[in-house]
Amino acid sequence: MMPPIFLWAYRCCMPLEEIGWLRRGACRTSDPDLFFPLAPTPIQEAQAKAICAGCQVLEECRAYALDAGEAEGIWGGLTPAERRRTRLARPTAS
């Protein structure tokens with residue numbers, strides 16, 4: 001059986017090359033609802049971020065979410081609002 005987060009990514013049709021790092025993620029055995037809650041609370045956010053903090057693929061996860069424009073969930077220890085701010089702060093290519 002696939003771990004919950006891996007199953008979520010599989011169902012969302014992420015390309016196989018994108019989910020290689022996901023298999024090593026600290027979230028791989030976590031309940032996806034923690035990272036993708038319908039109505040996020042500060043406690044859920046903190047719990048998800050705590051899992052991310054010790055993750056060996058934190059940078060890959062964060063880079064994927066920023067590059068792919070992920071609009072939902074905690075990715076790489078960042079909330080959707082934090083990712084939007086990070087994208088806006090990135091220098092633009094000229």
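View 1. K49 counts as partly exposed at 24% relative accessibility, where partly exposed is the range between buried, under 20% relative accessible area, and exposed, over 50%, computed with a 1.4 Å probe on protein chains only. The model is predicted, so local features need a pLDDT of at least 70 and side-chain atom pairs count only at pLDDT 80 or more, whereas totals for chains, interfaces and linings use all residues. Residues are numbered from 1 along each chain as its sequence is written, and side-chain values use heavy atoms, with hydrogens and water left out. The side chain of K49 meets that of E82 in a salt bridge, with 2.7 Å from N to O; the term stands for a side-chain nitrogen of Lys or Arg within 4 Å of a carboxyl oxygen of Asp or Glu. This pair links distant parts of the chain, since K49 belongs to helix α4 (residues 42-53) and E82 to helix α6 (residues 80-89), 33 residues apart. Helices are DSSP runs of H or I with at least four residues, strands are runs of E with at least two, and both are numbered from the N terminus.

**View 2. The whole chain, for orientation.** The protein has six helices and zero strands, and reading along the sequence gives the pattern α-α-α-α-α-α. Of the 94 residues of the protein, 35% count as buried. A search of the whole structure finds two salt bridges, and the next view shows the pair formed by E60 and R24.

**View 3. The salt bridge between E60 and R24.** Side chains of opposite charge can pair when their charged atoms come close. In the salt bridge of E60 with R24, the closest N and O atoms are 3.8 Å apart. E60 lies in helix α5, while R24 is in the loop between α2 (16-19) and α3 (32-35), so the pair ties together parts that are 36 residues apart in sequence. E60 is partly exposed, with a relative accessible area of 35%, and R24 also counts as partly exposed, at 39% relative accessibility.

**View 4. Helix α5 and the residue that follows.** Helix α5 spans residues 58-68, and its buried residues are L58, C61, Y64, A65 and L66. After α5 comes G69, whose phi is positive, near 70 degrees.

**View 5. Cysteines without a disulfide.** The search of the whole structure finds zero disulfides, a disulfide being a pair of cysteine sulfur atoms within 2.5 Å. For C27, the nearest cysteine sulfur, that of C55, is 6.2 Å away; C27 is buried, with a relative accessible area of 14%. C61 is likewise in no disulfide, and the nearest cysteine sulfur to it, that of C52, is 6.1 Å away. C61 is buried too, with a relative accessible area of 10%.

**View 6. Aromatic rings around W21.** The structure holds four aromatic pairs; rings of Phe, Tyr and Trp (its six-membered ring) pair if their centres lie within 6.5 Å, and planes under 30 degrees apart count as stacked, over 60 as edge-to-face and the rest as tilted. One of these pairs joins W21 and Y64, which are tilted, with 5.9 Å from centre to centre and 45 degrees between the planes. W21 lies in the loop between α2 and α3 and Y64 in helix α5, so this pair ties together parts that are 43 residues apart in sequence. Both W21 and Y64 are buried. The ring centres of W21 and W75 are 6.5 Å apart and their planes stand at 70 degrees, so the pair is edge-to-face. W75 lies in the loop between α5 and α6, so its pairing with W21, in the loop between α2 and α3, ties together parts that are 54 residues apart in sequence. W75 is buried, with a relative accessible area of 4%. Together, W21, F36, Y64 and W75 form one aromatic cluster.

View 7. On a 1 Å grid over the protein atoms alone, a cavity is a set of points where a 1.4 Å probe fits but cannot get out, whereas a pocket is an open set with protein on both sides within 12 Å along at least five of seven lines, and lining residues have an atom within 4 Å of a point. The largest pocket has a volume of about 170 Å³, a volume being the space filled by probe spheres set on the points, which are joined across faces, edges and corners. The lining of this pocket has 13 residues, of which F35, P37, P40, G73 and P80 lie nearest its centre. Helices α3 and α4 each supply at least two residues of the lining. By type, the lining residues divide into eight nonpolar, three polar and two charged; Ala, Val, Leu, Ile, Met, Phe, Trp, Tyr, Cys and Pro count as nonpolar, Asp, Glu, Lys and Arg as charged, and the others, Gly among them, as polar.
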